[in-house]
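This report goes through selected features of one structure, topic by topic. Please keep the sequence and the model at hand while reading.

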Amino acid sequence: MKELKDILYKVTINAVVGSTGIAVNKLEFDSRKIETNDAFVAIRGTLTDGHNYIEKAILDGATSIVCEVLPETLQDGITYVEVANSNEALAFMAANYYEHPSENLKLVGVTGTNGKTTVTSLLYQLFKKAGYKVGLLSTVKIMVDNTEYKATHTTPDSLTINKYLKLMNDEGVEFCFMEASSHGIHQSRTEGLKFTGGIFTNLSHDHLDYHETFAEYRDVKKAFFDHLPKDAFALSNMDDKNGLVMLQNTEAKKYTYALKNYSDYRAQILENEFSGLLLKVNDSELWTKLIGSFNAYNILAIYGAAELLGLEKDEILRLISELDNVSGRFQYFISEEKITAIVDYAHTPDALKNVLETINSIRTKNEELITVVGCGGDRDKTKRPKMAHIASALSTKVIFTSDNPRSEVPETIIEDMEKGVEPQNFKKTLSITDRKQAIKTACQLAEAKDIILIAGKGHETYQEIKGERFDFDDYKTVQEFLKQLQK
């Protein structure tokens, strides 16, 4: 057990009622998990307000309460700590409780609209191949060296982050690569962590259901770099118009990468095929199994970060050539009927455009490009027509379908998408609400040498409909239907 006063180090406190010298069993922000002598941190969430559960937490054994507004009735024997920001308080308290695990390894955060999962996952792969013990905190999974844990958020809550970082310390992990989402940064989940470096991938339309404006979304990303320490590195994409914005106020050492502009790490695409990319990185040629110009940027970010973390240039080049694609990121196979099926997580307009443009740059135009795409429910509605516009303009056939409709009616989401289709492209489109049926139809429409892109869900193995999750895997589903066509 630790004393509350030690766990409150660096927390901005407005008022204290009771003693901070009491022992704390553990920290919790979920009242359902409270046990005797726990500290309960009341967080204001998007759906519920933890302040409404303070009384329940005390009944279940909490002896200290951290909150932004003190309850009207204070109970004897309970310590109340009023703080300026509960999310920020939880982040510092979690770091203190777990004894600052981020200081005992080299932690690199990756932020941007697209590419976070690919960059973190490939860096994990690369450093594992180099012989190091490595950690990963990503959308797809959490890795503590060789042990895998299920991921529930792009950036976990600060308690979860510090818990896994402590596990990494216990396992002797030297490097950890972590996705830093705009939600996570805005909700202070990255506070209290010591970063060795930060990487900016790109910025495009996303999460405007959460961030009111694009400027706010950009500034939240920028705040991550603003908080990096002097001894860290900040590596930014110079080809993105916001690349220099990210570096404006950081005290970290600044580095850049680009395909088009002058930068510290520069690449030229020599060959771009379904089998991979041939790149010239600075002065060296490099072959990678990854595909497309968007992956050329990811490779540059990985190359730059690996060098800044101390790996030798020749070793980095060799290791990158051995890297495998990340699950659900331009993951493809070719059926016996010579139909190419591609599954990709592209769920933003920019990501979908990148994937479709990559496919179109490789295909001979004698084949059909059939795209299956949907948009998530209870999320940014403004990107729906944009996604449909891009899909219908850059594909020869498009099937609009369900993604994760959540609490929304799937047909309504599809109707929102259809508003973005230009009149000349209507004849290319179909709408099939059932995702499985949509994929089956795409497979039935495809002939030899045609290409099917299934976009939006990537690595996800479920569909979320009316509060329930149902097993669903795009990659397995398209494999199954294409095998049936071979019989």
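## Aromatic pairs

Is Phe127 buried or exposed? Phe127 has 0% relative accessibility, which is under the 20% limit, so this residue counts as buried. The structure is a predicted model, and the values below are computed from it.

A search of the whole structure gives twelve aromatic pairs. One of them joins Phe127 and Tyr132, with the ring centres 5.9 Å apart and 45 degrees between the planes, a tilted arrangement. Tyr132 is partly exposed because its relative accessibility is 27%. Both residues belong to one aromatic cluster, together with Phe175 and Phe177.

Another tilted pair is made by Phe274 and Tyr332, at 5.8 Å centre to centre and 40 degrees between the planes. This pair links distant parts of the chain, 58 residues apart. Phe274 lies in the loop between β16 (265-273) and β17 (276-281), while Tyr332 is in strand β19 (residues 331-334). Phe274 counts as buried at 17% relative accessibility, whereas Tyr332 is partly exposed at 26%.

## Positions from the UniProt record

In UniProt, an unreviewed entry places the feature "binding site" at Ser31, Thr154, Thr155, Ser181, Gln187 and Arg189. Ser31 is in the loop between β4 (27-28) and β5 (39-41). With 8% relative accessibility, Ser31 counts as buried. Leaving aside residues up to four places away in sequence, Ser31 touches Phe40, Tyr53, Lys56 and Asp60.

Ser181 is in the loop between β12 (175-179) and α6 (182-186). Ser181 is also buried, since its relative accessible area is 9%.

## The six-stranded sheet

In what order do the six strands of the open sheet stand? The order is β19-β20-β24-β21-β22-β23, and the pairing is mixed. β19 and β23 (429-431) are the edge strands; each has a single partner, so one side of each has no neighbour in the sheet. On average, neighbouring strands are turned by 15 degrees against each other when direction is ignored.

Two helices contact this sheet. Helix α12 (residues 383-394) packs on the sheet and touches β21, β22 (397-400) and β23. The direction of α12 makes about 165 degrees with that of β21. Helix α13 (residues 410-418) lies across β21, β22 and β23, at about 145 degrees to β22.

## Strand pairing in the sheet

Strands of a sheet pair through backbone hydrogen bonds, either parallel or antiparallel. β19 and β20 are paired in the antiparallel sense over four bridges, with Gln331 opposite Val343 in β20. The hairpin of these strands has five residues between them, and Lys338 has a positive phi near 65 degrees.

β20 pairs with β24 in the parallel sense over five bridges; Ala341 has Ile452 in β24 as bridge partner. Strand β21 (residues 369-373) and strand β24 (residues 451-455) also run parallel, joined by four bridges. In this pairing, the partner of Thr371 is Leu453 in β24.

## Buried elements

Why is strand β20 (residues 340-344) described as largely enclosed by the rest of the structure? Five of its five residues are buried, so the strand is largely enclosed. In a regular strand the side chains alternate between the two faces of the sheet. Both faces of β20 are covered, with Thr340, Ile342 and Asp344 buried on one side and Ala341 and Val343 buried on the other.

Helix α10 (residues 313-322) also has buried residues: Ile316, Leu317, Leu319 and Ile320. The elements that cover them include α4 (116-129), β18 (284-288) and α9 (293-308).

## A hairpin and charges over a ring

Strand β25 (residues 462-465) and strand β26 (residues 468-471) are paired in the antiparallel sense over four bridges. They form a hairpin with two residues between them, and Lys466 in the turn has a positive phi of about 50 degrees. The bridge partner of Tyr462 is Asp471 in β26.

Which residue has its charged end over the ring of Tyr462, 3.8 Å from its centre? That residue is Arg469. Lys457 also lies over the face of Tyr462, at 5.0 Å from the ring centre.

Notes
Residues numbered from 1 in each chain as written. Predicted model: local features only at pLDDT ≥ 70, side-chain atom pairs only at ≥ 80, totals over all residues. Heavy atoms only, no water. Phe/Tyr/Trp six-rings, centres within 6.5 Å; stacked < 30°, edge-to-face > 60°. Buried < 20%, exposed > 50% of the residue type's maximum accessible area, 1.4 Å probe, protein only. Lys NZ or Arg CZ within 6 Å of the ring centre and 35° of its normal. UniProt positions renumbered as here; feature names shortened; annotations may be inferred. Contact = heavy atoms within 4.5 Å. Pairing = 2+ DSSP bridges. Axes fitted to C-alpha atoms, helices over the stretch in contact; angles between N-to-C directions.
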